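Hi there,

Here is the structure I promised to pass on to you.

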Amino acid sequence: MYLCKCDMIISQANKLRKYCEAMISFIWTDQNPMYSGRGGTENFTAGQIRELTIMGIDARVITVGQHLENSSSQFTDISFWNVPTINDLEKLDDTIIFVNVPFPIETKNRSFCIFHCPPRLPIHLRAEYKAAMENKTAIVASKYMQNLWSNYLGLPKDSIHVAYPFADPHFAKATRTTTETDITTVLFAGRLVIEKGIYLYLESMHHDVLESGYIFSATTAGNQTFDGKKIEESLKNDSKINLINAKHNPREMAELLAENRILVMPSNSFFWHEGFGMLSVEAQHAGCEVIASNDGGLPETDCGGLTLFEPGNSRDLAETIHRVAQGNQITAEQQAARSQFFTRNQSAKNLLKILDQ
């Protein structure tokens, strides 16, 4: 029965070879549990598992040495399992995909490591990562990341595979809020860390072009960290910004995006280069206009509703917000067209092609 399911998927995905004979396990070794709504890595991992499961392919998260309930309670619709140590993975028949951190262990089947972030590692870890990747296949989230990890690991560029992130189907289904008001709503929904450009966003609000006619908001995503707590307290005392509780599932996030005209992703290129920018795709599927820093993998997220500004330039960010706000609001037909790019189904099928190689 299981192989019959695989045959159906192979037929639907252009007769791929039988790649789904084993459980696909994503290995979560982060010291923090998988928090829903914390970031793209968590959403990417959970979404891939959801889609693979729909396809009839067994997939799960394996946590290492953690209290399982801390992660599984955040994602009740996907499977979790825990192993005491990393070496316990050597006993499994699974197709192993390490999330962000490769480990120098021998698995029964060839394993993979998917890097969601650019390399920002201490130089002494470079040799360890290169050694750990000797018997693994590298996967990254963008062409921008492909170049970075090729240089960092000393691997040929074409040996590193690109598996683009996606927007959950809830975002394309979101019904936009229509208003006759002249007020433009602008939302920052990245984590509350310096790297995501929260301070550049705050600075942009004080330029004269945004003096009136705008409502600025930010979510509390990432407020469980030390930095997030401090930044959240600062935002609570800022009269120019509305603070919104972070959303912890795709449906709620899609509804929030559908209530706003513009989403900003002002990533701070001095501290951080966005590997891709999953939120940009989600917002465009939900009918938001997205204004993002022209840096890292963000230019690759264009579904037809992306406008870029000069990295680190708050004046250019403010003027870009003002310019985009003068345009017509998106139609349902435009939203539907933008939702054809970076779908979850496309992403999962592409991942299976990579695993099959």
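Helices here are DSSP runs of H or I with at least four residues, strands are runs of E with at least two, and both are numbered from the N terminus. Before going further: this is a predicted model, in which local features need pLDDT of at least 70 and side-chain atom pairs count only at pLDDT 80 or more, while totals for chains, interfaces and linings use all residues. Residues are numbered from 1 along each chain as its sequence is written, and side-chain values use heavy atoms, with hydrogens and water left out.

Back to α2 itself, which covers residues 40-54. Buried means under 20% relative accessible area, exposed over 50%, and partly exposed in between (1.4 Å probe, protein chains only). Among the buried ones are Phe44, Ile49, Glu51 and Leu52. Glu51 also belongs to a network of salt bridges with Asp168 and Arg344.

On to the sheet. Its 7 strands form an open sheet in the order β3-β2-β1-β4-β5-β6-β7, with parallel pairing. At the edges are β3 (80-83) and β7 (161-162), each of which pairs on one side only. Two strands count as paired if DSSP finds at least two bridges between them. Between β5 (residues 111-115) and β6 (residues 136-140) there are 5 bridges, and Ser111 stands opposite Lys136 in β6.

Further along, Ser217 sits in strand β9 (residues 214-219) and counts as buried at 6% relative accessibility. Beyond its neighbours within four places in sequence, Ser217 is in contact (heavy atoms within 4.5 Å) with residues including Val186, Phe188, Tyr201 and Ile244.

Now the charged pairs. How many salt bridges are there by this rule? The count comes to 13, where a salt bridge is a side-chain nitrogen of Lys or Arg within 4 Å of a carboxyl oxygen of Asp or Glu. One of them joins Glu274 and Lys196 (2.7 Å, N to O). Glu274 lies in the loop between β11 (262-265) and α10 (278-285) and Lys196 in the loop between β8 (184-188) and α7, so this pair ties together parts that are 78 residues apart in sequence. Glu274 is buried, with a relative accessible area of 8%, and Lys196 is buried too, at 12%.

Arg315 forms another with Asp208, the closest N and O atoms being 2.8 Å apart. Here Arg315 is in helix α11 (residues 314-325) and Asp208 in the loop between α7 and β9, so the parts tied together are 107 residues apart in sequence. Arg315 is partly exposed, at 31% relative accessibility.

Finally, the surface: Ile194, Tyr199, Phe270 and Phe271 form a nonpolar patch with about 450 Å² of accessible area together. Patches are made of residues with over 30% relative accessible area and no salt bridge, like charges being joined within 9 Å and nonpolar side chains (Val, Leu, Ile, Met, Phe, Trp, Tyr) within 5 Å; areas come from the Shrake-Rupley method with a 1.4 Å probe, and for residues only the protein chains shown count as cover. Tyr199 is in helix α7 (residues 198-204) and is partly exposed, at 42%.

Best wishes

Technical notes: Expected span 1.5 Å × (residues − 1).
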